[in-house]
Amino acid sequence: MAEFAREHREAAVDRTEGFGERLLGQLLDRAHEMPPQLIAPLVAEEVRAIGGRDVSILLQDYGQLMLVPLPGRGLFVGDPVPIDDSPAGAVFLRAAPSEHPAADGTRMFLPLLDGSDEVGVLAVTLDSIDDDDRRLLRRLAGLVADMLVTKNGYTDRFFQARRREPMSVAAEIQWSLLPPLSMNTPQVTVAGILEPAYTVAGDSLDYALNDDILHLAMIDAMGHGLNAAVLATVAVGAYRHARRADVGLAELYAFMDAAVDEQFGPDQFVTAQMMRLDIGTGLLQWVNAGHPAPLLIRDHQVVEALDSPGTLPVGFGGATPQVDTCQLRRGDRLLFYTDGLVEEHTAGGEQFGEERLIATIERVGPASRGVQEMVRGLSHTLMRERGGTTTDDASLFLVEWSGGSADHLAESAL
């Protein structure tokens, strides 16, 4: 591949679609056997083949505050940049490329999208940029994102790059359990955040999109530290096992309840919210096991809390839970959260409370361009309003239902 690139550096740079297809094809052919440490120099080499330079791969840190550069031979490694106030951060939040004049050309930022999960941002400088460059770099960014996700399971380097402070063992366990914290499809979009990112213990969430059904669970294990993390691990594992057996929500609760009780006895528990959303029709079903009610947001206003009789927390052997239903409208959002968000006390000693949460939602929501931007903005705003610290985990998960169909995406463009 390096020889192929060198042949094209000597003459005028060829950026036509045919050249680009050959370049990306060779990269794809090599990717399956590429060791993780060679991803960075390989990407840098491919960018140089089209006349690019100063290549950076920026990854989101665990606190969702900064984009941090991935170190590696051939990459430009600068300082971390804030997500909320930088060109790279704007590209990350909006998942759309952006071009900015630079002293030696044009700096281009491209979102690194693995499916609908955003991995980070690819930055590169070129003397000038035309449509051939844009098309090729967009495809290259997609391939780089796929390689980063694939190789992530074989190395610690990507995890280490994303950490900006030491992480507790409990948090290490929780982060290893999590699915991607964002997913964007034509019918439904989800985004989540866990605070405090580096010491979270008892909070966790899980979801899966199985055909037309979005499955979601949000849990809060009692206690703090390593014991809470282990309790949450059992709860999430039991949830996934029952969900994959395709049982109903009531049976799912019973299975989780038995698993936690058998492992930990009657003195430990998990509050939980389990739901199913038909992304074609907007029919929502949920079971509440001692958890705060999710909030229904319509036109940036909280219209109601989805209260229900519910049942006892998981592990207490509660009665068969009631399965509640709600018909969503297109554009509706659902906010799930753990009690650490509202039970924290402000500097003056007053509990933060649901009313302040709702007021913050209605202030932050209209200024946010999308679900991921809203959940980040909401979490960070709430943290500031609680004085910048938290004595308990405080997690958020936001779902937006758009409806319609995604079948057109499977149709050939040829």
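Student: Two strands pair if DSSP finds at least two bridges between them. With that in mind, what order do the strands of the open sheet of five have?

Tutor: The order is 9-10-11-12-15, and the pairing is antiparallel. Helices (H or I, at least four residues) and strands (E, at least two) are DSSP runs, numbered from the N terminus. This is a predicted model, where local features need pLDDT of at least 70, side-chain atom pairs count only at pLDDT 80 or more, and totals for chains, interfaces and linings use all residues. Residues are numbered from 1 along each chain as its sequence is written, and side-chain values use heavy atoms, with hydrogens and water left out.

Student: Thanks! Which are the edge strands of that sheet?

Tutor: Strand 9 (203-210) and strand 15 (324-327) are the edges, as each pairs on one side only.

Student: How many bridges join strand 9 to strand 10?

Tutor: Eight bridges link strand 9 with strand 10, which covers residues 213-221, and the two run antiparallel. To find one spot on your screen, look for D203, which stands opposite D220 in strand 10.

Student: Found it. New topic: what joins strand 4 to strand 5?

Tutor: A hairpin does that, passing through two residues. Strand 4 is residues 98-102, strand 5 is residues 105-114, and five bridges pair them in the antiparallel sense.

Student: And which residue in strand 5 is the bridge partner of H100?

Tutor: R107 is the partner of H100.

Student: Let's go further along the chain. Is strand 16 mostly covered or mostly open?

Tutor: Strand 16, residues 333-337, is mostly covered, with five of its five residues buried. Buried is under 20% relative accessible area, exposed is over 50%, and partly exposed is in between (1.4 Å probe, protein chains only).

Student: Which residues of strand 16 sit on each face?

Tutor: On one side you have R333, L335 and Y337, and on the other L334 and F336. Every one of these is buried, which leaves both faces covered.

Student: Nice. How many bridges join strand 13 to strand 16?

Tutor: Three bridges connect strand 13 (residues 295-298) with strand 16, running antiparallel. In that pair, I297 has R333 as its bridge partner.

Student: What about strand 16 and strand 17, how many bridges there?

Tutor: Five bridges hold strand 16 and strand 17 (residues 394-401) in an antiparallel pair. Here F336 faces F397 in strand 17.

Student: OK, away from strands now. Where is T155?

Tutor: T155 sits in the loop between helix 5 (131-152) and helix 6 (157-162).

Student: Why does T155 count as buried?

Tutor: T155 counts as buried because its relative accessibility is 16%.

Student: What lies 3.2 Å from a polar atom of the T155 side chain?

Tutor: That would be the backbone nitrogen of R157.

Student: Last one to look at: where is N227?

Tutor: N227 belongs to helix 8, which spans residues 225-244. N227 counts as partly exposed because its relative accessibility is 39%.

Student: How far apart are N227 and A170?

Tutor: In sequence, N227 and A170 are 57 residues apart, while in space they are 8.0 Å apart, C-alpha to C-alpha.

Key: A polar contact is a pair of N or O atoms within 3.5 Å; within protein, one must be able to donate a hydrogen and the other to accept it, and residues adjacent in sequence count only if both atoms are side-chain atoms.
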